[in-house]
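Me: I am new to this structure and would like to understand the words used for its inner spaces and its core. Could you take me through them with care?

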Amino acid sequence: MTTTDYDDVTKFLGEWGHFQKLIALLLCISVIPNGLTGFSVVFIADTPPHHCLIPPNANISAEWRNYSIPLEEDNGEMRYSKCTRYKLDVIKRLSDNGSVPGIDVNVTEIEQESCKDGWHYDRSIYISTIVSEWDLVCSDAWKVPMTTSVLFFGLLTGAFFSGQLSDRFGRKNILFVTIGVQTLFIFFQIFSTSWFMFSALFFVVGMGEVSNFVTAFVLGTEVLTPRIRTIYCTAGVSTFFAVGYMLLPLTAFFIRDWRMLLIAIALPGVFCFPLWRFIPESPRWLLSQGRVEEAEAILRGAAKKNGVKAPEVIFQPLQETLNHHNICDLIKSSSIRWITIKLILMWVIICLGYFALSLNTSNLSGDPFLNSFFSAAVEVPAYILAWPLFRSCPRRLCLSPTLFLSGAVLLLTQLIPGKLSSVSIALEMMGKFGFSVAYILVYAFTAELYPTVLRNTAVGTCSTISQLGNIAAPYFLYMGTYYKSLPYILMGSLCALGGLLGLLLPETYGLPLPDTIDHMQTIQRYKKRQTSNRGRPVV
């Protein structure tokens with residue numbers, strides 16, 4: 001027999017026994033560190049209020065010390081200049097002469113200079129960040145957004161390689177290797193002595209982060225039964241990611257030093273290593289590699305945990321010749337090629353909108369920890385909603401309307417008057433809610449479209465290229481400095497395009513997971529034939 005009968009052959013295990021419950025729970029737990037790490041840069045690389053430092057030994061009067069830094073208008077308020085001060089030697093001479101600022105001297109006419117002695121940072125919110133550690137302000141301010149870009153480039157690289165490695169060397173091996181990489185290199189970041197060293201390590205952290213998320217997602221998809229698979233792919237793994245995301249601002253609220261915060265963020269990854277004993281390799285993957293005895297051993301162990309008896313022979317020897325597959329198979333045939341192109345475009349659009357709205361929360365007024373918590377909390381109901389949608393609705397009719405709705409909300413946001421900022425914020429949160437639903441739906445849809453031999457490669461490739469949307473997100477927001485509504489117009493229009501592309505994808509609702517490329521194409525032909533026969537008169 002071939003592996004195409006996998007779901008039927010493994011029905012003896014039952015749908016929701018102890019084995020399935022344990023695997024679903026442990027894989028979801030393994031995702032929590034990702035939620036902590038993914039947006040940690042919001043706090044680690046935040047820029048506290050700052051101005052030029054006037055050295056304590058400058059020997060100038062207290063009165064002249066108060067006038068030593070120019071005032072500049074910032075959002076309608078007068079604040080100390082962040083990058084300049086009045087020339088200190090001139091200030092010292094005037095102070096020694098007993099001149100009175102504002103009376104004897106017009107202070108604004110004094111020549112200005114850069115912050116030669118460094119900066120003074122406000123410590124009311126953070127004890128330290130990498131910005132205050134390495135003075136990433138003024139002429140070096142470009143390094144702050146570059147830090148985030150480096151992380152996203154790491155995500156891109158990790159998603160690309162982990163998909164192919166997982167299809168070649170196994171889901172379980174790559175899952176725990178990448179958890180180890182993520183955890184270890186977060187610890188290494190604690191000992192960073194420069195911004196360059198921190199960013200280079202952050203690149204590797206990004207590689208590990210996306211790799212273990214994608215691998216855990218695919219492993220659960222292949223191990224769990226069809227109904228439980230739907231719950232796991234939508235409400236399960238994503239909700240635990242959101243839990244990790246919500247823990248981030250809570251942790252950052254109590255730990256205001258960036259090095260100590262990194263220790264707290266890395267620790268959950270350490271606790272994931274004991275899960276190796278309890279998480280099995282994917283039997284589907286083992287079958288695709290011809291390792292039938294190992295697949296049967298895992299299923300017999302599962303049957304024992306569930307209290308059921310396994311048949312004497314679970315799988316017949318494979319009759320097909322086993323071939324290794326790679327990324328080229330995603331574009332080899334015309335039918336798979338067009339599916340891949342449409343999915344990639346949708347992934348990029350969804351990632352762009354999700355991360356743009358997540359990054360835009362820094363513009364909200366109020367407490368930064370609460371803002372981040374609310375941004376994370378809005379994802380939980382989104383993921384919970386995704387489960388009944390994915391369980392009971394055709395995939396295309398779940399995904400496309402979600403993107404259309406998000407696009408409509410973003411286009412509407414630009415029409416709200418500036419004085420109704422609370423309404424604009426509410427609409428943006430609705431938009432992020434929609435993107436969160438679409439994000440997890442497209443993950444699950446992609447996993448259902450491709451066969452076992454290509455599934456992790458396909459999800460990894462789409463996740464890799466979608467990082468271009470992450471990288472572009474800050475620049476979309478930057479366009480708002482030229483025309484405030486432009487980011488909303490562009491993202492809303494792209495959402496409409498993504499919704500249309502979703503309607504052009506094959507439907508997978510109610511169909512078994514394909515295990516080979518031939519099986520995938522057979523299912524598509526059957527679905528097309530079934531659709532074309534619908535409405536024909538019965539003879």
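**Spaces and cores**

Reply: Let us begin with an open space: in this predicted model, the second largest pocket holds about 470 Å³ of space. Its lining is made up of 33 residues, and those nearest its centre are Asp7, Thr225, Pro226, Arg227 and Arg229. The elements that each give two or more residues to this lining are α1 (6–9), α2 (18–29), α10, α11, α17 (379–392) and α19, with the largest share, 5 residues, coming from α11.

Me: What makes a residue count as part of the lining of a pocket or cavity?

Reply: A lining residue has an atom within 4 Å of a point of the space. For the second largest pocket, the residues counted in this way fall into 16 nonpolar, 8 polar and 9 charged.

Me: Why is a space called a cavity and not a pocket?

Reply: The structure holds 4 cavities of 30 Å³ or more, and the largest cavity has about 330 Å³ of space. Of the 21 residues that line the largest cavity, Glu209, Phe213, Phe241, Phe355 and Tyr439 are the closest to its centre. Among the elements that give two or more residues to this lining are α3 (32–38), α8 (143–169) and α20 (452–478), while α19 provides the largest share, with 4 residues.

Me: How do you know which classes of residue line the second largest cavity?

Reply: The second largest cavity, with about 40 Å³ of space, has a lining that includes Phe43, Trp258, Ser128, Thr129, Arg256 and Asp257. Over the whole lining, the classes come to 6 nonpolar, 2 polar and 2 charged residues.

Me: What makes a set of residues a nonpolar core?

Reply: Its members must be buried residues of nonpolar kinds, such as Phe, Leu and Tyr, joined through side-chain atoms within 4.5 Å. The largest nonpolar core has 130 residues, and Phe217, Tyr232, Phe315, Leu343, Tyr354 and Tyr443 have the most contacts inside it. The element that gives the most to this core is α15, with 13 residues. A second, separate core has 13 residues, including Trp64, Val90, Leu94 and Val105.

Me: Which residues is Tyr232 in contact with, leaving aside its neighbours within four places in sequence?

Reply: Tyr232 is in contact with residues including Ala24, Leu27, Phe217, Leu224 and Val237.

Definitions and conventions: Residues numbered from 1 in each chain as written. Predicted model: local features only at pLDDT ≥ 70, side-chain atom pairs only at ≥ 80, totals over all residues. Heavy atoms only, no water. 1 Å grid on protein atoms, 1.4 Å probe; cavity = no way out; pocket = protein on both sides within 12 Å on 5 of 7 lines; lining within 4 Å. Points joined across faces, edges and corners; volume = space filled by probe spheres on them. Nonpolar A, V, L, I, M, F, W, Y, C, P; charged D, E, K, R; others polar. Buried < 20%, exposed > 50% of the residue type's maximum accessible area, 1.4 Å probe, protein only. Contact = heavy atoms within 4.5 Å.
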